[in-house]
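Please go through the model below with this report beside it.

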Amino acid sequence: MIERPFDGPLAWNVAGLLAEDPGAERVHEVQGVQIDLGEDLRLDEPIEGRVRLVRTNRGILASADLHAALALECSRCLRDIAFGVDPRFQEEYLPSLDVATGRPLPAADEPEVARLSDHHELNLETPVREAFQLAEPIALLCRPDCPGLCVVCGGRLDEGTHDHPADEIVSRLEALLAFRADDA
Ligand SMILES: [Zn+2]
Ligand SMILES: [Zn+2]
């Protein structure tokens with residue numbers, strides 16, 4: 001039998017585990033894994049942790065306990081922040097084929113359940129991606145009292161000095177007003 005390569009770094013072939021009795025388990029270490037998190041979100045540190053796969057009466061229960069850092073920025077000063085997250089979740093996967101006969105199992109009765117592939121592969125990439133997307137905070141700050149950006153020069157208020165002379169402030173305001181006038 002030719003071993004098919006797994007469909008990504010968070011996928012495991014569970015044919016052997018499906019052939020065992022309920023309660024049997026495998027633990028897989030997750031190390032240095034990079035996945036695409038979709039638009040506007042990326043990893044600052046790769047995914048580490050472990051995934052425990054347990055044979056249940058009906059399929060495989062996957063429990064993920066992971067850690068990674070998201071590359072985000074402060075919502076006030078736009079400074080880069082590596083934001084550590086520790087998603088944990090469980091999901092039960094049911095076979096799409098009968099292990100003994102290889103015949104498709106009816107999926108129509110329970111369209112909402114997670115399914116193993118027809119090669120008995122359990123792929124956690126989608127739930128892991130969703131767990132990281134959900135872990136992204138709405139308004140992240142580099143520190144609670146981040147003063148944000150200077151309205152005159154656009155620099156960070158906690159870097160350098162911002163005692164801009166009055167004429168600089170006035171010319172900046174004039175430029176802004178002219179821009180608004182053009183807009184209207
Ligand atoms: Zn900030
Ligand atoms: Zn300034």
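## A turn with a positive phi

Which residue in the turn of the hairpin formed by S4 and S5 has a positive phi? This is a predicted model, and in it the residue is Leu78, with a phi of about 65 degrees. The turn leaves 6 residues between S4 and S5.

One bridge pairs Leu70 with Phe83 in S5.

## S4 and its other partners

S4 also pairs with S3. The sense is antiparallel, and the pairing extends over 10 bridges. S3 and S4 form a hairpin too, with 4 residues between them. Within this pairing, Leu53 has Ala62 of S4 as its bridge partner. Gly49 stands opposite Leu66, again in S4.

S6, residues 88-94, is another partner of S4. The two strands run antiparallel, with 6 bridges between them. Here Asp65 has Arg88 of S6 as its bridge partner.

Glu29 stands opposite Arg50 of S3.

Asp40 sits in the loop that runs from S2 (25-33) to S3. Is Asp40 buried or exposed? Asp40 counts as exposed, because it has 8 C-beta neighbours inside 10 Å, and the cut-off for exposed is 12 or fewer. Asp40 and Ala71 are 31 residues apart in sequence, yet their C-alpha atoms are 9.6 Å apart in space.

## The nonpolar core

The largest nonpolar core holds 18 residues. Val14, Ile60, Ala62, Leu66, Leu122, Leu124 and Val128 have the most contacts inside it. At least two core residues come from each of strand S3 (43-55), strand S4 (60-73) and helix H2 (125-135). S4 gives the largest share, 6 residues. In soluble globular proteins, nonpolar side chains tend to be buried together.

Which residues does Ile60 touch, leaving aside those up to four places away in sequence? They are Val14, Leu17, Leu18, Leu53, Val54, Arg55, Tyr93, Leu116 and Leu122. Two of these, Val14 and Leu122, are also among the core residues with the most contacts. Leu53 is the bridge partner of Ala62, and Ala62 is likewise on that core list. Leu66, opposite Gly49, is on the list too.

## Fold and overall shape

The protein chain has 3 helices and 8 strands. Along the sequence they follow the pattern β-α-β-β-β-β-β-β-β-α-α. The radius of gyration is 25 Å, well over the 16 Å that the globule rule gives for 184 residues, so the chain is more spread out than a compact globule. The C-alpha trace spans about 85 × 35 × 30 Å along its principal axes.

The chain is divided into domain 1 (11-135) and domain 2 (147-184). How many Å apart do the C-alpha centres of domain 1 and domain 2 lie? The distance is 48 Å.

Of the 184 residues, 12% count as buried. Among contacts with a separation of 6 or more, 57% join residues 24 or more positions apart.

How values were computed. Residues numbered from 1 in each chain as written. Chains lettered and ligands numbered in written order. Predicted model: local features only at pLDDT ≥ 70, side-chain atom pairs only at ≥ 80, totals over all residues. Core = buried A, V, L, I, M, F, W, Y, C linked by C-beta atoms within 7 Å. Buried ≥ 20, exposed ≤ 12 C-beta atoms within 10 Å, placed from the backbone. Contact = placed C-beta atoms within 7 Å. Pairing = 2+ DSSP bridges. Domains from an automatic or database assignment. Rg over C-alpha atoms; globule rule 2.2 N^0.38 Å.
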